[in-house]
Amino acid sequence: MAEIRVENLHKAFGEFVAVRDSTFTVADGEFFVMLGPSGCGKTTTLRMVAGLELPTSGRILLGGGDVTFNRAAARDIAFVFQLFALYPHMNVRQNIGFPLKCAGMSRSEIRARVEETARFLRIDHLLDQPVSRLAGGDRQRVALGRAIVRRPMAFLMDEPLGTLDTEFRDLMVRELRELHLRIKATTVYVTHDQLEAMAMADKIAVMSRGIIEQFGTPQEIYDRPASMFVADFIGSPPMNFLAFRGGLRKGAASVRVNGADIALPEIREDRADGELALGVRPEYIRFDDASRLRGAVFGAEYLGTTQIVTVDTAHGQVKARLPADIAVNPGENVGLAFRGEKLSLFDKSSGRAIHTALIDGARHG
Ligand code: ATP
């Protein structure tokens, strides 16, 4: 079993707190992504799990055993930095076998393991080729082979696709996902790229300033963001926020925004009058002549099958993703309608989501 459990993990560098009271569990065989902007504490968390950094406080359990104070080498974990960096003077066999050679394994054992790994990755016919002669996709497979040949309990990957161009990045995202589905090794993957995270993760932790803002499946995080930070960080264009002032009654199924009643999942908490924000993703907006929520078209960005139409409203600019064949004219007055079950509601001062029937149903970590 290779469950990773992090309990109340805290890391301070002098006065500066890089990771604050972080608690999460990565289930055996799960692909877990830590996602967040630069400096939010992803790498520091990963380095503590790997044993490269000691926590200020908290515990790390691997396969049920407390490894908090174990050296990195004593944890059965493979730490992968950049997957694409191969040793150019070695052939495929030597590249894949290198970690085993460093670990002092016998030549016959290395040979057997390398050949098994190469068969698994369908590159066994290339074993004696120099890596310089390989096509891009095969080079990536060799790099993956070198990472998996040790058969560790878990993989930790820190922005492994960091400097790849888009084409290779897409290829590697597919390869990594496919590989994961086949070997089902517990994986912790760090990235600031939401598309990588959404495409690969079973579970995502979205981090900001040392704190896990939300923990959940890609769909939970996209559909039910726990905070305005998460809603803004995920999605392109990100979620729109319509600011308004109002109170909420527990059990209500709509909010009144500038005279328009907007249907929402049932509200689970009472709120006195305050600053609120209605969150709506661009794809859940459509034009509706009958709507009282209106604005003027500012412009449109043509994307082929869809277009992003920007509308100036009394609550700020709203971006709607609409079919490309809808005619829009700058300055035109349009009504906006939203898909009620897809809306979020936030307390604008704290930035946290206000509980609705749907948010209560989603899992938070
Ligand atoms: P990036 O993608 O930029 O690496 P990150 O989310 O991985 O971002 P960390 O590398 O974990 O962020 O760093 C979190 C914060 O802790 C940063 O502000 C960084 O400057 C600080 N930090 C990291 N290591 C140290 C250190 N050894 N001494 C002092 N501060 C550090």
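Me: What share of the contacts with a separation of 6 or more comes from residues 24 or more positions apart?
Reply: In this predicted model, residues 24 or more positions apart make up 66% of those contacts in the protein chain.

Me: And how many helices and strands are there?
Reply: The protein chain has 9 helices and 20 strands. Of its 365 residues, 52% count as buried. The C-alpha atoms fill a box of roughly 75 × 50 × 35 Å along the principal axes.

Me: Let us take the sheet that contains β1. What is the strand order?
Reply: The order is β2-β1-β4-β5, in an open sheet of 4 strands with antiparallel pairing. β2 (16-26) and β5 (65-66) each have a single partner strand, so they stand at the edges, and one side of each lacks a neighbour in the sheet.

Me: Which helix packs on that sheet?
Reply: Helix α1, residues 42-50, packs on the sheet and touches β1, β2 and β4 (57-62). The direction of α1 makes about 120 degrees with that of β1.

Me: How many bridges join β1 to β2?
Reply: Strand β1 (residues 4-13) is joined to β2 by 7 bridges, and the two run antiparallel. Within that pairing, R5 has T25 in β2 as its bridge partner.

Me: Is T25 buried, exposed or partly exposed?
Reply: T25, which is found in strand β2, counts as partly exposed because its relative accessibility is 25%, and buried would require under 20%.

Me: Which residues does T25 touch?
Reply: Not counting residues up to four places away in sequence, T25 touches E3, I4, R5, E30 and F215. As for F287, 262 residues apart from T25 along the chain, the two C-alpha atoms are separated by 43 Å.

Me: Back to α1. How many of its residues are buried?
Reply: Helix α1 is largely enclosed by the rest of the structure, because 7 of its 9 residues are buried. The buried residues are K42, T44, T45, L46, M48, V49 and A50. G51 follows the helix and has a positive phi, near 95 degrees.

Me: What about T45 in particular: buried or exposed?
Reply: T45 lies in helix α1 and is buried, with a relative accessible area of 0%. Leaving aside neighbours within four places in sequence, T45 is in contact with L9, V19, F24, M34 and M207.

Me: Changing topic, what is the order of the strands in the 6-stranded sheet?
Reply: That open sheet has the order β6-β7-β8-β3-β9-β10, with mixed pairing. β6 (77-80) and β10 are the edge strands; each has a single partner strand, so one side of each is left without a neighbour in the sheet. On average, neighbouring strands are turned by 15 degrees against each other, direction ignored.

Me: How do β9 and β10 pair?
Reply: β9 and β10 pair in the antiparallel sense over 5 bridges. I204 has G216 in β10 as its bridge partner.

Me: Which residue is found in the loop between β9 and β10?
Reply: R209 is found in the loop between β9 (203-208) and β10 (211-216). R209 counts as exposed because its relative accessibility is 72%. The C-alpha atoms of R209 and V19 are separated by 7.6 Å, although the two are 190 residues apart along the chain.

Me: Now α4 and α5. At what angle do they cross?
Reply: The axes of helix α4 (residues 136-148) and helix α5 (residues 166-183) cross at roughly 40 degrees and come within 11 Å. The two helices are therefore oblique to each other, and their crossing is right-handed.

Me: Which residues meet there?
Reply: From α4, the residues are G136, G137, Q140, R141, L144 and I148; from α5, they are F168, L171, M172, E175, L176, L179 and I183. By class, this contact has 8 nonpolar, 3 polar and 2 charged residues.

Me: Last topic: which residues of β11 are on the covered face?
Reply: In strand β11 (residues 240-248), the covered face has N240, L242, F244, G246 and L248, whereas F241, A243, R245 and G247 form the uncovered one. β11 pairs with strand β14 (residues 271-280) in the antiparallel sense over 8 bridges. The bridge partner of F241 in β14 is G279.

Note on methods: Residues are numbered from 1 along each chain as its sequence is written. This is a predicted model: local features need pLDDT of at least 70, side-chain atom pairs count only at pLDDT 80 or more; totals for chains, interfaces and linings use all residues. Side-chain values use heavy atoms; hydrogens and water are left out. Two strands pair if DSSP finds at least two bridges between them. Contact means heavy atoms within 4.5 Å. Axes are lines fitted to C-alpha atoms, for helices over the stretch in contact, and angles run from 0 to 180 degrees between N-to-C directions. Angles under 35 degrees count as roughly parallel, over 145 as roughly antiparallel, 65 to 115 as roughly perpendicular and the rest as oblique. A crossing is left-handed if the near helix is turned anticlockwise from the far one by less than a right angle, and right-handed if clockwise. Ala, Val, Leu, Ile, Met, Phe, Trp, Tyr, Cys and Pro count as nonpolar, Asp, Glu, Lys and Arg as charged, and the others, Gly among them, as polar. Buried means under 20% relative accessible area, exposed over 50%, partly exposed in between (1.4 Å probe, protein chains only).
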